[in-house]
Amino acid sequence: MLLGRTAECARIADLVDDARTGRSTALVIRGEAGIGKSSLLRYAESVAGDLTVLRTHGIETESQLPYVGLADLFRPVTDLLDRIPGRQAAALTGALALGPAVAQDRFAVAAGTLSLLGAVSESGPVLVVVDDAQWLDPYSLDSLAFATRRLGREGVVALFATRDTDEASSRLAPVETLTLRGLDTDAARALVADEPLSPHDITWLLSEARGNPLALVELPSLLARGGHRRDTGAPPPIGEILARTFHSAIARLPLRAQDAMLLLAVLGPRPLAGTERVLRDQGLTYASLEPAERAGLMTVEEGAYVFRHPLVRSGVYHGASAVRRWRAHRTVARALQDAQAPTALERYAWHLAESGADPDEQVAAALEHAASAEPASLAFPLAARLYAHAARFTPEGERKAGRLLSAARAAQAAGSLDEAAGLLDRALGHATQPRTRLDVRQLLCYVDIQRGRPARASEELRAAVDEARSVDPGLAAVMLGGVTLTELAVGDLTAARATSDESMRIVEAFTDAPAALPVRLLHALVQLLGGDAEDGRALLHELEKPLAEPDLSFPYPVSGVGGLCYLAAEELDEGHALLDRAVHAARAASTVGLLAHLLGTLSVVEFWRGQWTSALAHADESARLGEDTGRVIEVCRALAAQAKAEAALNRETDCRRHGAQAAALAAAADLPMDAARAHGALGLLELGLGRHEEAARHLENVRDFSVANGRGDGLYLSWAADLADAYVHLHRTDEAYDVLRVLEHEAGRGVRPIAAAAAARCRAMLEPGDAERHLDRALLHLGGVMAPFERGRTEFTRGELLRRQGRRGDARQWLRRGLATFERLGATGWAARAAAELHAAGGDQVRTGPAPLDGLTPQELRVALAVGRGVTNHEAAEQLFLSVKTVEFHLGNIYRKLDGVHRRAQLVRLLSQFSEA
């Protein structure tokens, strides 16, 4: 037990014990330098006993080298890579420089990290220790954070020690945090009890150290040399005091020892095999380090010299003059200059840059050549770093801008959106050619779209279009397509229609094949949403062949836009098939950012097809993946879709929470259409609960947004049928007729069976004397489309109207049908209304209860759906970015919660009841 850390040690011991029971946990230990974070990690290792321990620590001089921390962590278990899914193993192998790199985004490596931890845990519980996480390279830290958030029942405990830095904390959110404070006075006195200090000096020491254990241990040596402060000014920060202490100790060493320590500080804790040769280049040997070992500044671990504390390394490096640091970096760079592996070449470039070397086109060209290797042989993060280093050694001018642009493209592909934006800002400062500037501005706008800033992106793209017309008309068309995309994202159909027409005129005039596909597809979507729907449908069918192959690119994710086209055309089966293929391909490739987009759209299609369990699970997964990848727009879209499914399922608390979250995020990110979609979900919830005033209030918000933006009513943003229903029950007949006119206009824009059925149902409610004819027509429209909720509402409406006309026997027939449909869907609120009407019509009293799947969590739903598709536990884990043990744990919970379901075959049969109603 550590002195003064009884509670903290007990917390650590509890986490280790949890791992032994199969429960996974994670903890971030935060605090200033010297506060005892590393000591707590060592305590964790001391009580780990039977646990497999994996450890790494961040190094300031290596913080920009992609995956160097992950490589250190997994070095003892790389023999298990063949136990994880092939694509993930390939991505992780390349990232760890154990084999050829592959062109995966960084989340393929993150998924592999999770799978490898799961593989290690198959032999027993695991302790992961990450010290100085504030200096761990961001790629490694993001991969570990991704994995940590998905750990469940593997028996893995992950401990991260970090100083109080915003970046590390944000990357590790929402992992539980333990903040270390200074030792209390009694513990501090006990720690220095054996020091030969006067009472006056002890008082000074306790005041200066402020409970910092490292300061309490190191400051007595400063006192012994008479180096303490006796003024009454404010005490300096602890880090400054310790740095001064270590600097003083380092300065007393022989110069040769200082030079050797500086070389090791530059090399890092994972030095080259040729470390001795690097020392010899400076006329040094390992013997040069012996004075540092005697002074307690360095120790020997596993046959190698290491710094006693990170502050010692920092003191050695930052205490040296600039000239000495440059010389050390140049020495290391010389040792690496003949390297062939891209990872070693990246280290060479970094050390050369830190040596103060001037721009050198020969060096830049070599780095660019390595970065531009075939995509199948180089990982995107490494390519981004090599291109950035190439730009560093490129003289000012157009070529420098081009290399920065290439670095940004690789960073975007890797999923590092903020890094890409920073590179693009730098590129703009060097670009002189119009085409280069346009390419930079275009990519910057697409990055902004991904980061949830569509309005800003639209303005920037629009500003660049006129310039692009004279440089490259095809590029101008693509840019206008990007403007259309952003206008659709915020819901401004009026602007999108005009922009799309403009881009189509350019494409038709210049017939640029690469530009034509995305521009024409977006034009089809605009037409289907608010123009000539039949023209849009014909154009969509012309593009079916390129849509047949899932596309994994951005800014035009063709499969995602195609899915929205089919949704707008009310061709739900075709849209579901397209999106399902695309989701499968994105899972296989671990392209997590694109997967978030596709799942959000798939969820909306599944809602209308009555696959509410799938819709809810996929919307929840989309929101989580959107958060992981920093794609605000996908989080907002997914939350609104989640709220809609929960409204239909009568999950009132969840619906209100997710609706409020979607609305708040939409307001912050300037995404008004998603705020409207959240209101639409809440309106449906209130309608199902029979609260017609509240329903009308929410749905009027959606109507007002739609009218202001040139939109009618459609499946992606639906409101008219629900609002008309609320108005009829509120006896606001004139307003209901106004809404009906919108529905009938939409129904008249080509073949739109769901809109036509909704219009007929609403007219029946308004004209009960002719209701049967209208409802017959509604059911006829629905006969050829899978839209069970619409069918159930039509059946319910017919029964409700018949009962009020006194035709109780006929009413019971239709109410039973509607009730059965609602129960199959899990629409418990609507089922309760139908049951009440049925009882009022003379039928037996029916008690409706929760749907069988209502008790499952979103994570359990996702596992159930995967198993229901017939995949193995290992395949489910790969697809859902979970470990096999977590899948098995959730499957056990599913069997416990579902009555009569104890085997996979029974689960498959149950889920099939909810796939179609």
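**View 1. Helices H29 and H31 cross in a left-handed manner.** In this predicted model, local features need pLDDT of at least 70 and side-chain atom pairs count only at pLDDT 80 or more, while totals for chains, interfaces and linings use all residues. Residues are numbered from 1 along each chain as its sequence is written, and side-chain values use heavy atoms, with hydrogens and water left out. Helices are DSSP runs (H or I, at least four residues), numbered from the N terminus. A crossing is left-handed if the near helix is turned anticlockwise from the far one by less than a right angle, and right-handed if clockwise. H29 covers residues 558-568 and H31 residues 592-608; they pack at an angle of about 15°, with their axes 9 Å apart. The pair is therefore roughly parallel (angles under 35 degrees). Axes are lines fitted to C-alpha atoms over the stretch in contact, and angles run from 0 to 180 degrees between N-to-C directions.

**View 2. The contact between H29 and H31 has no charged residues.** Contact means heavy atoms within 4.5 Å. Ser559, Gly560, Val561, Gly563, Leu564 and Leu567 of H29 meet His597, Leu598, Thr601, Val604, Val605 and Trp608 of H31. Seven of these residues are nonpolar and five are polar. Here Ala, Val, Leu, Ile, Met, Phe, Trp, Tyr, Cys and Pro count as nonpolar, Asp, Glu, Lys and Arg as charged, and the others, Gly among them, as polar.

**View 3. Helices H32 and H44 pack at an angle of about 115°.** H32 spans residues 612-629 and H44 residues 858-868, and their axes are 9 Å apart. The crossing of this pair is left-handed. On the H32 side, the contact is made by Thr613, Ser614, Leu616, Ala617, Asp620, Glu621 and Arg624; on the H44 side, by Pro858, Leu861, Arg862 and Leu865. By class, five of the contact residues are nonpolar, two polar and four charged.

**View 4. Helix H44 is largely enclosed by the rest of the structure, because nine of its eleven residues are buried.** Buried means under 20% relative accessible area, exposed over 50%, and partly exposed in between (1.4 Å probe, protein chains only). Among the buried residues of H44 are Glu860, Arg862, Val863 and Ala866. Gly870, with a positive phi near 90°, follows H44.

**View 5. Ala588 lies in helix H30, residues 572-589.** Ala588 has 23% relative accessibility, so it counts as partly exposed. Its C-alpha atom is separated by 40 Å from that of Val332, 256 residues apart along the chain.

How values were computed
Helix = DSSP H or I, 4+ residues; strand = E, 2+ residues; numbered from the N terminus. Parallel < 35°, antiparallel > 145°, perpendicular 65-115°, else oblique.
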